[in-house]
Amino acid sequence: MKLLTANRLNDGRVIYLGEADAVVEAIDAARPLDDAAADAALAQAQSRPAVFVNPYLIEVEGGAPSGRDRLKERIRSVGPTVGHSLDFAARNETA
């Protein structure tokens, strides 16, 4: 199975294609696609550049990213890592 992911044009957030072609921010809300549906969804997302920036398909297994890029996609699905590292630095400064 595959999911369609991209970044949203207006704020750069990671987005996924959900049910009824809705844009969703949570990987859990993304619609799993078989190969034929995935190709059609990718073509449709590429035709919506005002929403989807650089859309692409990722392999998933059991709702979680799999395959070669699984680590990158898991990081993308939980949000920016910069905020987490800034929180860590602030905690260490007060210690």
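Alanine 6 stands opposite isoleucine 15 in strand 2 of this predicted model. The two strands involved in the pairing of this region are strand 1, residues 2-8, and strand 2, residues 14-17. Their pairing is antiparallel and extends over three bridges.

- Five strands form an open sheet, and their order across it is 3-2-1-4-5.
- The pairing within this sheet is antiparallel.

**Helix 1 and the strands**
- Helix 1 comprises residues 35-46 and lies across strand 1, strand 2 and strand 4.
- Relative to strand 4 (52-61), helix 1 runs at about 165°.

**Chain organisation**
- Three helices and five strands are present in the protein chain.
- Among contacts between residues at least 6 apart in sequence, 52% join residues at least 24 apart.

**Burial and surface**
- The protein chain has 95 residues, of which 27% are buried.
- The accessible surface of the protein chain amounts to about 6,100 Å².
- Carbon and sulfur atoms account for 55% of that accessible surface.

Methods: Residues are numbered from 1 along each chain as its sequence is written. This is a predicted model: local features need pLDDT of at least 70, side-chain atom pairs count only at pLDDT 80 or more; totals for chains, interfaces and linings use all residues. Side-chain values use heavy atoms; hydrogens and water are left out. Two strands pair if DSSP finds at least two bridges between them. Helices (H or I, at least four residues) and strands (E, at least two) are DSSP runs, numbered from the N terminus. Contact means heavy atoms within 4.5 Å. Axes are lines fitted to C-alpha atoms, for helices over the stretch in contact, and angles run from 0 to 180 degrees between N-to-C directions. Buried means under 20% relative accessible area, exposed over 50%, partly exposed in between (1.4 Å probe, protein chains only). Accessible areas come from the Shrake-Rupley method with a 1.4 Å probe; for residues, only the protein chains shown count as cover.
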